Amino acid sequence: MSVLTRDEAQTRAQFLDVQRYTIDLDLTAGEETFDSRTVIQFTAAAAGDTFVELKPAVLRSISLDGQPLDPADLVENRFPLTALTAGAHELRVDAAMRYSRTGEGMHRFTDPTDGETYAYTQLFMEDVQRVFAAFDQPDLKSVFELAVTAPEGWTVLGNGIAEHRGDGRWTLAPTPLISTYLVAVAAGPWHSVTTEHAGLPFGIHCRRSLAPHLDADADEILDITRACFDRFHEKFDEPYPFDSYDQAFVPEFNAGAMENPGLVTFRDEFVYRSAVTDTERQTRGMVIAHEMAHMWFGDLVTLAWWDDIWLNESFAEYMGYQTLAEATRFTDTWVDFGVARKGWGYDADQRPSTHPVAPDPAAVPDTASAMLNFDGISYAKGASALRQLVAWLGEKDFLAGINTHFARHKFANATLADFIDSLASATDRNVHAWADTWLRTTGVDTLTSRVQESDGTWSVTVDHGGSRPHRIAVGAYDHAPDFSGTPTHTGPGRLVLRDRFETDVPGDGPADPLPGRRPALVVLNDSDLSYAKVRLDATSWDTALQHLSGIPDALTRAVVWNAARDMVRDGELAPTTYLDTARTHLPHETDLALAQGVLAFAGTHIAGHYLTPENRPAALATITALCRDLIRRTEDGHNPGLRLVAVRHLIDAATQPDTIQDWLTNGSVPGGPELDPELRWRILTRLAVLGAIDEAHIATELEQDPSATGQEGAARCRAALPTPEAKAAAWHTLFNDDTLSNYLFTATAQGFWQPEQADLVRDYVPRYYPEATRLASRRGPAIAEAAGRYAFPGYAVDADNLHLGEQALNDTDLIPALRRKLIDQLDDLRRALAVREAH
């Protein structure tokens with residue numbers, strides 16, 4: 001397939017003006033293909049040549065201005081349009097297009113629960129070509145008018161209000177000017193909950209088998225939607241620019257969600273079949289807010305080329321967390337960002353594949369390279385940069401600049417330069433210089449505190465490792481006195497805030513002395529307003545290790561936990577010390593996001609990678625003991641979310657089957673919770689790893705839960721069974737069954753590699769690299785990304801695996817999506833080896 005280059009896009013944007021697409025899709029043509037008929041009305045600025053993109057199963061006919069063209073002229077995904085005259089033209093294309101099982105293009109899914117079938121589009125970057133012919137680049141905006149023929153009993157959703165004309169025929173209201181990648185259709189026998197807000201129709205939709213679960217949460221989802229919608233209208237002068245707001249929870253979705261105007265699509269795991277924590281509900285709320293922010297930043301004003309993808313994602317990420325905190329009951333969203341998202345950014349920014357938040361255009365020469373930038377830098381680092389910008393500018397000037405940006409570029413395209421110019425119009429600060437230092441550079445700055453005490457005063461100096469200016473808060477904490485007035489110094493005692501002040505880094509001179517003795521704990525970047533690694537002075541670090549759970553503010557605790565996490569990754573803190581700190585303090589932690597984040601890092605990274613196989617059992621025993629403490633602490637039912645977190649991680653850390661087998665047999669954890677499908681499959685997966693169940697147990701469970709998630713659970717369990725036959729079958733399925741859906745591929749890959757089964761799977765490690773390379777070439781970027789993320793033999797933290805991977809990077813057949821994943825995985829492998837050597 002030919003990828004579109006930036007130079008080609010710029011040339012075509014100067015040559016063409018595209019007025020309208022009229023698209024007719026017929027979804028009744030069979031299980032493998034659908035019919036796609038497209039009429040494109042466009043104007044050429046001068047005489048010349050160009051091309052249109054499409055990826056058909058069969059190109060039946062194509063004509064230009066009524067004159068037939070030869071379908072055989074299609075080369076890969078491009079059809080040449082030669083000898084165009086200046087002026088208006090009409091292109092007509094009739095094709096059969098393939099349904100997808102990988103979440104790209106028009107994805108088709110049959111629900112194993114009830115046999116109902118659904119189809120929906122995901123057209124991001126260049127997958128519109130899988131659905132209809134298009135001049136496929138973001139700066140050729142157009143009006144799109146769609147009609148869809150669907151089976152009787154189906155509902156069709158789209159970017160505009162849908163009307164059923166009878167006999168399965170649906171028409172969608174023409175859109176305003178939008179980019180090709182934002183066109184959306186979702187068709188099937190949806191279960192829908194509809195309402196009206198601010199004069200617009202609102203709806204939420206899911207497949208029928210999930211109807212009871214959507215209904216149970218419909219009020220919460222719609223309340224968050226309305227609250228965020230109203231809050232955005234308080235922030236933005238430009239009103240919501242589309243005619244309706246639908247949110248469809250669709251199966252086997254590759255992303256978290258997609259900001260199609262008027263029809264946001266979400267992965268339907270957000271329709272919870274099983275118990276979830278309040279933090280997980282908060283995450284769903286954040287995604288709702290994130291996608292709604294895109295209606296303005298991304299949909300109304302769209303990037304001109306993919307080097308500015310951060311403008312879409314960083315803005316929506318920042319606005320998602322901030323607006324959810326302002327408009328809903330989820331007021332502590334930035335804690336979850338700090339512990340769950342920020343680490344994603346820090347990790348990505350320290351790998352060889354790092355890039356600036358706003359990369360140089362030359363670094364994004366084509367769509368294949370652009371796809372690689374959907375990472376922790378474009379999301380988490382970019383959102384952190386914007387949060388720091390707001391702290392520096394003030395929210396009033398920030399929003400004034402944003403509103404100027406919308407007014408200047410609505411229904412059009414804009415660049416980073418346009419964005420900075422809009423912000424600069426609202427402030428006297430040098431926003432252009434800020435952008436150069438924050439958006440055009442790579443890496444993570446490190447801020448280290450030096451605390452001095454002298455003659456009844458103390459001061460803090462910040463050593464700045466890096467190049468960016470920071471506006472941070474410094475928090476000073478003392479031990480809380482006991483009832484006798486004596487400071488408490490034993491156990492995880494309570495700390496109290498003495499003072500919090502803001503400072504610029506680098507500063508203008510020596511720090512001013514402050515009255516009193518030095519605090520017990522001094523925290524840089526208190527409130528987590530900047531993006532930097534933090535290192536505490538020795539006294540403060542000793543206090544943190546002993547009293548971390550006694551820090552009064554969860555966001556400050558997140559800063560300290562992130563410092564500990566970074567120190568482990570950098571070889572400065574023993575992984576066992578992190579585990580011991582978690583063992584000491586998590587039983588006293590009140591914030592769910594922190595508990596989840598710390599346990600996830602302990603289980604996945606420390607027990608799974610940073611400790612040697614010989615030390616893994618002890619690490620799992622520590623995690624198990626910690627989880628038992630949390631379960632005992634929540635016996636009174638006052639914190640069911642924390643109890644659920646502890647139960648999940650105890651299951652994952654089990655080294656013996658007895659306890660979790662008893663839970664499975666009894667259908668409940670003693671004292672609760674009852675085992676819902678998620679917990680049952682989680683237990684079965686761990687029992688499979690431990691060799692405590694067989695295929696018959698898996699088949700019995702699948703009979704009880706034949707749903708899509710049940711099918712994934714069974715695939716994960718089967719791949720985890722510790723037998724040569726099970727591993728051979730799973731491997732064959734992963735690398736030879738090209739009908740395997742994206743979700744079933746992921747589930748199988750997740751089950752395959754297990755640290756406890758190192759001897760059993762060792763011979764598959766050298767097979768992975770050539771077979772993954774061939775698979776990615778056959779099946780494309782979505783499966784390539786899954787193969788690089790989930791099927792990678794990350795359990796094998798050894799020099800042999802590293803050497804094999806480095807050799808594989810020399811293979812010229814590696815497609816960019818897999819190459820990027822391998823670069824990242826191998827860097828993580830090097831880091832794990834270095835941590836092991838350091839401790």
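I call a residue buried under 20% relative accessible area, exposed over 50%, and partly exposed in between, using a 1.4 Å probe and protein chains only.

**Entry: ground rules.** I am reading a predicted model, in which local features need pLDDT of at least 70, side-chain atom pairs count only at pLDDT 80 or more, and totals for chains, interfaces and linings use all residues. Residues are numbered from 1 along each chain as its sequence is written, and side-chain values use heavy atoms, with hydrogens and water left out.

**Entry: confidence.** I looked up pLDDT, the predictor's confidence in each residue, from 0 to 100. The chain average is 96, and 99% of the residues score at least 70. Over residues 483-490 pLDDT stays under 50, and the model has 13 contacts there beyond four places in sequence. A contact means heavy atoms within 4.5 Å. Where pLDDT is low, predicted coordinates should not be read in detail.

**Entry: the sheet.** I took helices (H or I, at least four residues) and strands (E, at least two) as DSSP runs, numbered from the N terminus. Two strands pair if DSSP finds at least two bridges between them. I found an open sheet of eight strands with mixed pairing, in the order β5-β4-β7-β2-β1-β10-β13-β12. The edges are β5 (67-69) and β12 (162-166); each has a single partner strand, so one side of each is left without a neighbour in the sheet. From one strand to the next the twist averages 20°. For angles, axes are lines fitted to C-alpha atoms, for helices over the stretch in contact, and the values run from 0 to 180 degrees between N-to-C directions.

I then checked β4 (residues 58-64) and β7 (residues 87-98), which run antiparallel and are joined by six bridges. S61 has D94 as its bridge partner in β7. Helix α1 (residues 6-15) lies across β1 (16-26) and β2 (33-44), at about 100° to β1.

**Entry: two helices.** The expected span of a helix is 1.5 Å times one less than its number of residues. I count 14 of the 17 residues of α3 as buried, so α3 is largely enclosed by the rest of the structure.

Helix α20 (residues 708-720) has 13 residues and should span 18 Å; its end C-alpha atoms are 19 Å apart, which agrees. Its buried residues include G710, E712 and C717. Among the elements covering the buried residues of α20 are β8 (105-110), α18 (677-689) and α21 (724-736).

**Entry: aromatic pairs.** Rings of Phe, Tyr and Trp (its six-membered ring) pair if their centres lie within 6.5 Å; planes under 30 degrees apart count as stacked, over 60 as edge-to-face and the rest as tilted. My search of the whole structure gave 51 aromatic pairs. F236 and F406 are edge-to-face, 5.1 Å centre to centre with 90° between the planes. They are 170 residues apart, F236 in the loop between α2 (211-235) and β17 (245-250), F406 in helix α8 (residues 395-409). F236 counts as buried at 2% relative accessibility, and F406 counts as buried at 1%.

**Entry: A692.** I placed A692 in the loop between α18 and α19. Its relative accessible area is 31%, which means that A692 is partly exposed. A692 touches P657, Q661 and L687, not counting residues up to four places away in sequence.
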